[in-house]
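Thanks for making time this morning. I would like to walk you through one structure, so please have the sequence and the model open as we go.

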Amino acid sequence: MDKKVIIIGTGKVGFALGYALYQKNYDVYCYDRNLDKLKQFYRLIKKPLPQQLPFKDSKIVFITTQDSEIKKTYEEILPHLAPGCIVVHCSGALSRKVFKTTDRKKIIRASIHPIQTFVKFNTRSNPFLNIYFGVEADRKARPYVLKIIKDLGAQPVFISPKDKPLYHLVMVLASNYFVTLMNAVQILGAKIRLSQKKLFKIIEPLIMNTFYNIKNYGAQNALSGPIKRGDVLTIKTHIKILKKKAPKLLKLYSVLGKETVNLSALPSPKKKILKRLFKT
Ligand SMILES: NC(=O)c1ccc[n+]([C@@H]2O[C@H](COP(=O)([O-])OP(=O)(O)OC[C@H]3O[C@@H](n4cnc5c(N)ncnc54)[C@H](OP(=O)(O)O)[C@@H]3O)[C@@H](O)[C@H]2O)c1
């Protein structure tokens with residue numbers, strides 16, 4: 001299978017993808033409108049910055065720009081693409097249909113979304129190892145993208161185009177909203193003089209065990225704490241202290257509190273009492 005790959009957009013995902021493919025002996029060519037990022041990439045793979053991208057003899061082109069730029073970037077490169085070329089993006093929210101096909105070029109389309117979070121690049125680990133990619137692809141693209149996913153050490157999970165927005169929402173809740181929740185934890189931790197480093201060291205076993213329990217026994221069975229016990233007094237104390245020390249977090253606490261009450265196996269009258277507390 002052809003191992004020449006072009007990647008347009010050498011940001012967090014494009015850079016990591018390019019480097020991981022380079023390590024798997026792919027012949028990688030990148031482009032980014034930011035020349036510094038581009039130079040950094042070519043320095044890393046010890047290749048001179050090419051004058052032009054080899055569109056004519058590249059079977060696969062990735063567009064790893066921001067989601068909002070994917071369509072426009074595709075339209076810009078379309079005249080240069082070889083007929084029968086496979087165009088791939090890595091967005092979780094968009095389907096492959098963002099690429100409009102033309103009869104003349106017979107472009108083959110795919111979207112492969114790495115279910116991973118990319119923040120800072122480092123050469124020591126492969127962020128694609130053992131992860132899943134959400135895949136939806138034209139039939140002819142499948143052998144190529146599945147081979148790439150396998151070469152990266154990952155696995156596919158097939159998503160229909162109509163499910164993509166909901167699929168993406170699941171991943172956003174699992175990762176981004178978890179970050180927001182941990183930020184709230186950190187704000188409150190600072191109020192008892194726990195540094196970020198110390199706090200996350202302390203709560204790491206708590207988080208990991210909670211995750212283990214959810215994964216193995218389901219969310220309802222993984223629940224512990226004051227809401228599960230129906231402990232009105234403790235929740236009243238939390239609300240009082242939040243009002244005083246971090247009023248901006250009261251809404252978050254209340255929204256999640258209500259959902260936690262719904263999740264709990266408490267009897268209905270007790271649930272009603274607790275929910276009233278969260279109407280602050
Ligand atoms: N980050 C994640 O954790 C993550 C996870 C899964 C999937 N994804 C998906 O991966 C894709 C890339 O996300 P990202 O986080 O890597 O974004 P990013 O870090 O912002 O990188 C995008 C890069 O593309 C460049 N670019 C934009 N338009 C361009 C154009 N027309 N020509 C050349 N370069 C262009 C940007 O340059 P400027 O800096 O000048 O704008 C930037 O360097 C998105 O579809 C995203 O949904 C991201």
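Let me begin with the ligand: how many residues surround it, and which are the closest? What we are looking at is a predicted model, and in it 26 residues surround the ligand, the closest being Gly-9, Gly-11, Val-13, Thr-65 and Ser-91. If you sort that shell by class, you find 14 polar residues, together with six nonpolar and six charged ones. As for where the shell comes from, at least two of its residues are supplied by each of helix H1, residues 12–23, helix H3, residues 67–77, and strand S5, residues 108–114.

Finally, the overall layout. The domain assignment divides the protein chain into domain 1, covering 4–159, and domain 2, covering 167–277, and the centres of these two domains, taken over C-alpha atoms, are separated by 38 Å. Where the domains touch, six residues from domain 1 and four residues from domain 2 take part in the contact. On the domain 1 side, those residues divide into three nonpolar and three polar, with no charged residue.

Conventions:
Residues numbered from 1 in each chain as written. Predicted model: local features only at pLDDT ≥ 70, side-chain atom pairs only at ≥ 80, totals over all residues. Near = placed C-beta within 6 Å. Helix = DSSP H or I, 4+ residues; strand = E, 2+ residues; numbered from the N terminus. Nonpolar A, V, L, I, M, F, W, Y, C, P; charged D, E, K, R; others polar. Domains from an automatic or database assignment. Contact = placed C-beta atoms within 7 Å.
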